[in-house]
Amino acid sequence: IEGYANPRSGRGASPPTSQNLMRELDKRFGHRWNEIWSLLALSRVMTARLPDWRVSLSDSTLDRLLRDLMEASSDQAVFNAIEALLNQEQPLIISDTWRALDDWCERHGKRVTLLFDDLDVALGETEEALTKRRGLIIGLLDQANASWIATHHIGVKIFLREDIFNGLGAEEQAKYQRREVTLRWRADD
């Protein structure tokens with residue numbers, strides 16, 4: 001399931017993301033990237049309509065807001081839904097939902113893999129954007145370690161250029177349990 005990728009023609013990721021949306025989220029909530037990644041990925045999983053898996057949230061307000069994110073069809077609607085979720089009076093705890101999905105996968109013999117690509121262009125190419133991108137990627141790594149890598153049946157693949165990965169610093173690089181670089185060439189490359 002595509003957790004994030006820069007939109008290209010022919011892709012119909014739901015809910016949608018774009019560079020403009022990512023910049024707006026960074027301006028308003030840049031210090032909470034791990035939660036943003038969790039929400040975006042969870043909404044993508046929920047819209048994938050895995051057979052027989054239903055998210056059950058104890059809080060009906062949270063359930064409604066998460067469904068608003070799932071049904072968002074524009075950058076503004078995605079932003080509004082994420083803003084409402086992050087501005088909850090009670091703490092936003094989505095990790096329980098990831099564990100519930102992991103349990104469901106175990107019972108049904110399934111595996112879910114989240115794919116994150118095009119992070120090398122996220123937020124743009126200005127000097128300020130490159131600095132902010134580092135925080136965006138660190139937030140993604142933190143979320144991957146907290147929820148996805150800690151599970152048995154939910155996987156994550158983060159496609160990241162090696163120069164960007166090396167620029168994160170040893171502390172962030174060490175957060176990965178493993179790192180793999182695979183290049184596959186086709187005749188037309």
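**Reading a helix pair in a predicted chain**

Modeller: Among contacts in the chain (heavy atoms within 4.5 Å) between residues at least 6 apart in sequence, 71% join residues at least 24 apart. This is a predicted model, in which local features need pLDDT of at least 70 and side-chain atom pairs count only at pLDDT 80 or more, while totals for chains, interfaces and linings use all residues. Residues are numbered from 1 along each chain as its sequence is written, and side-chain values use heavy atoms, with hydrogens and water left out.

Colleague: In what order do the elements of the chain run from the N terminus on?

Modeller: The order is β-α-α-α-α-α-β-α-β-α-α, with 8 helices and 3 strands in the chain; helices are DSSP runs of H or I with at least four residues, and strands are runs of E with at least two.

Colleague: At what angle do helix α1 and helix α2 pack?

Modeller: Two packed helices are described by the angle between their axes and by the distance between the axes. Here α1 (residues 19–29) and α2 (residues 33–47) pack at about 140°, their axes being 10 Å apart. That makes α1 oblique to α2, since angles under 35 degrees count as roughly parallel, over 145 as roughly antiparallel, 65 to 115 as roughly perpendicular and the rest as oblique.

Colleague: Which residues in α1 and α2 meet?

Modeller: From α1 come Met22, Leu25, Asp26 and Phe29, which meet Trp33, Ile36 and Trp37 in α2. The residues of this contact divide into 6 nonpolar, no polar and 1 charged.

Colleague: What percentage of the residues of the chain count as buried?

Modeller: Of its 189 residues, 43% count as buried, meaning under 20% relative accessible area with a 1.4 Å probe.

Technical notes
Axes fitted to C-alpha atoms, helices over the stretch in contact; angles between N-to-C directions. Nonpolar A, V, L, I, M, F, W, Y, C, P; charged D, E, K, R; others polar. Buried < 20%, exposed > 50% of the residue type's maximum accessible area, 1.4 Å probe, protein only.
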